[in-house]
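Morning, everyone. I have one chain to walk through today. Please bring it up on the screen.

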Amino acid sequence: EVKINETNYTWTSRGPSYSGNLGVCISAPGGAIASVSEWTLNQKGLKNGTSMASPNACGGVALIVSGLLQQNIKYSPARVKRAIESTARSIENLDRFTQGK
């Protein structure tokens, strides 16, 4: 089994910004995502960037909300965000401004 080191890409958003924003809240995989269906003309396409990381993160949030709804658990967007941020796994050797709070 080949182990690939977890890291961020050079284009990864990070903080702090000039406006004082501290950076991202969470990060999600956004490199070498095979989002192209087999039935398309381009069967071997790998995509990178926010266009891949954002749907990845949103899909995870949708699963959480779906589970809460199924179990009739009351929630708010702020509580879901806090739960995700407080249970996210840190990536070794990456600063907090790159991987989130």
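Start with contacts along the chain. Take those with a sequence separation of 6 or more: 45% of them join residues 24 or more positions apart. Keep in mind that this is a predicted model.

Now the elements. The chain has three helices and zero strands. Read from the N terminus, the order is α-α-α. The helices are α1 at 50–70 and α3 at 96–99, with α2 at residues 77–87. How much of the chain is buried? Of its 101 residues, 16% count as buried.

Leu-94 sits in the loop between α2 and α3. Is Leu-94 buried or exposed? Its relative accessible area is 17%, so Leu-94 is buried, the cut-off being under 20%. Along the chain, Leu-94 and Asn-8 are 86 residues apart, yet their C-alpha atoms are separated by 7.9 Å. Set aside neighbours within four places in sequence, and Leu-94 is in contact with Thr-7, Asn-8 and Gln-99.

From Gly-31 to Asn-8 the sequence gap is 23 residues, and the C-alpha to C-alpha distance is 8.9 Å. What does Gly-31 touch? Not counting residues up to four places away in sequence, Gly-31 touches Tyr-9, Lys-47 and Asn-48.

The largest pocket holds about 1200 Å³ of space. Its lining has 39 residues, and the closest to the centre are Ile-26, Ser-27, Ala-28, Pro-29 and Gly-30. Which helices take part? α1, α2 and α3 each supply at least two residues of that lining. Of these, α1 gives the most, with eight residues. By class, the lining splits into 16 nonpolar, 18 polar and five charged residues.

Next, side-chain pairing. Side chains of opposite charge can pair when their charged atoms come close. How many salt bridges does the chain have? The count comes to one salt bridge. Lys-81 pairs with Glu-85, and their closest N and O atoms are 3.9 Å apart. The cut-off is within 4 Å, so this pair counts. Both residues lie in helix α2, four residues apart, about one turn of the helix. Lys-81 is partly exposed, at 41% relative accessible area.

Now the cysteines. A disulfide is a covalent bond between the sulfur atoms of two cysteines. The structure holds zero disulfides. What about exposure? Cys-25 is partly exposed, with a relative accessible area of 28%. Cys-58 is also partly exposed, at 49% relative accessibility.

One backbone point to finish. Look at Asn-72, in the loop between α1 and α2. Its phi is near 55°, a positive value in a residue other than glycine. Where does Asn-72 fall on exposure? At 69% relative accessibility, Asn-72 is over 50% and so counts as exposed.

To recap: three helices and zero strands, one salt bridge, zero disulfides, and a largest pocket of about 1200 Å³. That's it from me.

Note on methods:
Residues numbered from 1 in each chain as written. Predicted model: local features only at pLDDT ≥ 70, side-chain atom pairs only at ≥ 80, totals over all residues. Heavy atoms only, no water. Disulfide = S-S within 2.5 Å. Buried < 20%, exposed > 50% of the residue type's maximum accessible area, 1.4 Å probe, protein only. Salt bridge = Lys/Arg side-chain N within 4 Å of Asp/Glu carboxyl O. 1 Å grid on protein atoms, 1.4 Å probe; cavity = no way out; pocket = protein on both sides within 12 Å on 5 of 7 lines; lining within 4 Å. Points joined across faces, edges and corners; volume = space filled by probe spheres on them. Nonpolar A, V, L, I, M, F, W, Y, C, P; charged D, E, K, R; others polar. Contact = heavy atoms within 4.5 Å.
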